[in-house]
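My notes follow the model itself.

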Amino acid sequence: MQQLNTNANLLLFLFVSASALIVSYASHVRFHYVNPHNFTTTATASASPASSSSFSAHRSRNPPLALLHRDVISGTTYPSRRHAVLGLVARDNARAEYLGRRLSSRYLPDDLGEEVVSGLDEGSGEYFVRVGVGSPPTEQYLVVDSGSDVIWVQCRPCGQCYAQADPLFDPAASSSFSGVSCSSAICRMLPGSGCGDAGRCDYKVSYGDGSYTKGVLALETLTIGGTEVKGVAIGCGHRNSGLFVGAAGLLGLGWGPMSLVGQLGGAAGGAFSYCLASRGPGSNAGAGSLVLGRTEAVPAGAVWVPLVRNAQAPSFYYVGLTGIGVGGERLPLQDGLFQLTEDGDGGVVMDTGTAVTRLPQEAYAALRDAFAGDVGGLPRAPGVSLLDTCYDLSGYSSVRVPTVSFYFNQGAVLTLPARNLLVDVGGGVYCLAFAPSSSGLSILGNIQQEGIQITVDSTTGFVGFGPNTC
């Protein structure tokens, strides 16, 4: 792995459609010049097939998994762009509130009884991949969640299931399905598991917005990008509610031992890489990708930032953020504002399920005010829900907006492309895609991650940015 050199001054300039991603150890770029009419356009991902699978005895050349946004899977249409944004914000608030509770030192796990109130009809899943489950494989859409460990699918017979796009998985039709005993070490690794009928391992997981899954734990074969991965512990959900816009279940990519990355372990190198497709007019919503395995996922030339482990919530990927810059100037924030405390409060978590980046009130107010000051006389527009800093750009062919940079431990700086700063809410109105946190927790959301090649190396404890946009 490339080690960080705090004395380096090299800037990597990666230009993409009217904006630039800069990953460096010093950043003085102050402004982006953008065309509001093609602002959200991004380059199509052009990943070539991976050289080989590093996590299965059955090796083959495999392309990255297509990482699709929820609206592509559901076929959802909205009366207007503003309606789409309002739907996004509603889901986003539920996810952020859940994370705020889940990642608090005062968090107590939900008690799932027999009577559970159903969750949001539209759930909180934002990105999906296609995975084959069982032998022969049954193709299923699964929600990708970097903040969850459990892999699960809805199963027959189903006492309570939500509607999904594909037929329900039938374990009786799979020759590789094998139930897990409640006395096994695997069963004991999963919180919320216990003994059910005939000594089987039962599990139950709640996602905080009322959504849940309950069923039995089993070992099963997954087919991922054409490669068979045998003996993966998955939940076979017989009672499920609230998730996930037609998805069959969830693919957990968290830092814990029960996630796909954790189970693949040393064979996969504990690494995965993803690129979230940009959304909005002109964007290629199908351009996202997910790559598993060290050989395929770890790019040469990436700048690496240390991950921070939260002992109170070990499944989540935290990063050591030390500051924020606007227009090339670092904001005067109090020391330790983004620090993870010893009891597990605060810190900055990377989350693919949250769209809008959340910052502590002090940091958000400073960013908002500095951004508004630097854009000059651009006409303001009314806020849209939690997005309170909006501009009417309908009459402009080109505007100047200040850069926003994240300063990390060990001197690395990530300066975001312009398209990762503003949300198109329709009618020529764009809003700053940041919001205040209701707690001390900061969340690096998926809007700020879109179009950036991000690699998580859970074995060594680093996250890599770049070197390419995607």
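**Disulfides and a covered strand**

I counted five disulfides, taking a disulfide as a pair of cysteine sulfur atoms within 2.5 Å. The model is predicted, so I kept in mind that local features need pLDDT of at least 70 and side-chain atom pairs pLDDT 80 or more, while totals for chains, interfaces and linings use all residues. Residues are numbered from 1 along each chain as its sequence is written, and side-chain values use heavy atoms, without hydrogens and water.

I looked up cysteine 155 and cysteine 236, whose sulfur atoms lie 2.0 Å apart in a disulfide. The torsion about their S-S bond is about -125 degrees, so this disulfide is left-handed. Cysteine 155 is buried at 0% relative accessibility, where buried means under 20% relative accessible area, exposed over 50% and partly exposed in between, with a 1.4 Å probe and protein chains only.

I then turned to cysteine 182 and cysteine 195, joined with an S to S distance of 2.2 Å; with 80 degrees about the S-S bond, this link is right-handed. Cysteine 182 is buried at 16%, whereas cysteine 195 is exposed at 59%.

Last, I checked strand E31 (residues 452–457), in which six of six residues are buried; strands are DSSP runs of at least two residues and helices (H or I) of at least four, numbered from the N terminus. Strand E14 (residues 271–275) runs antiparallel to E31 and is joined to E31 by four bridges, where pairing needs at least two DSSP bridges. Phenylalanine 272 has valine 456 of E31 as its bridge partner.
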